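Subject: Structure handover

Hello,

Here is the structure for you to take over. Please open it alongside this note; my findings follow.

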Amino acid sequence: SSPSERVGVVSFNVRDMGSSQVSDWLDQAGIAVRSGLHCAPLTHRWLGTLRRGAVRASIGWANTAQDIEALVRALHDLEG
């Protein structure tokens with residue numbers, strides 16, 4: 001497949017923070033993500049994240065390396 005046909009999705013948590021707390025922080029930094037169970041409660045039960053869910057970032061064709069760097073910087077700032 002060509003690079004324009006590839007899409008990256010990553011789900012993550014930050015320490016013991018709730019996914020909505022992380023999502024709110026990223027929103028204030030101008031970064032759009034989704035938080036919650038993402039229609040997969042059984043997976044979250046298996047992962048042990050049923051109560052806090054996860055944060056999901058989708059990287060698509062319109063995103064730049066700078067967008068990804070901004071996400072990483074914001075997460076480093078959040079962790080303090």
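In which loop does Arg15 lie? Arg15 is in the loop that runs between β1 (8-12) and α1 (19-28). One caution before the rest: this is a predicted model.

**Two positive phi angles**

Arg15 is not a glycine, yet its phi is positive, at about 45°. Is Arg15 buried or exposed? The cut-off for exposed is over 50% relative accessible area. Arg15 has 57% relative accessibility, so it counts as exposed.

Cys39 also deserves a look. Its phi is positive too, about 60°, and Cys39 is not a glycine either. Cys39 sits in the loop between β2 (34-36) and α2 (41-47). The relative accessible area of Cys39 is 82%, so this residue is exposed.

Next, a residue from another part of the chain. Arg52 is placed in the loop between α2 and β3 (54-59). With a relative accessible area of 28%, Arg52 is partly exposed.

A polar atom of the Arg52 side chain lies 3.5 Å from the backbone oxygen of Met17.

One distance for your notes: Arg52 and Ser35 are 8.9 Å apart in space, C-alpha to C-alpha. In sequence, 17 residues separate Arg52 and Ser35.

**The largest pocket**

The volume of the largest pocket is about 180 Å³. Its lining consists of Gly30, Ile31, Ala32, Val33, Ala57, Ser58, Ile59, Asn63, Asp67, Ile68, Ala70 and Leu71. Two or more of the lining residues come from each of β3 and α3 (65-79). Which element gives the most to this lining? That is α3, with four residues.

**Where to look**

For a quick tour, begin with Arg15 in the loop between β1 and α1. Then view Cys39 in the loop between β2 and α2. Finish at the lining of the largest pocket, with Asp67 and Leu71 among its residues.

Best regards

Key:
Residues are numbered from 1 along each chain as its sequence is written. This is a predicted model: local features need pLDDT of at least 70, side-chain atom pairs count only at pLDDT 80 or more; totals for chains, interfaces and linings use all residues. Side-chain values use heavy atoms; hydrogens and water are left out. Buried means under 20% relative accessible area, exposed over 50%, partly exposed in between (1.4 Å probe, protein chains only). A polar contact is a pair of N or O atoms within 3.5 Å; within protein, one must be able to donate a hydrogen and the other to accept it, and residues adjacent in sequence count only if both atoms are side-chain atoms. On a 1 Å grid over the protein atoms alone, a cavity is a set of points where a 1.4 Å probe fits but cannot get out, and a pocket is an open set with protein on both sides within 12 Å along at least five of seven lines; lining residues have an atom within 4 Å of a point. Grid points are joined across faces, edges and corners, and a volume is the space filled by probe spheres set on the points.
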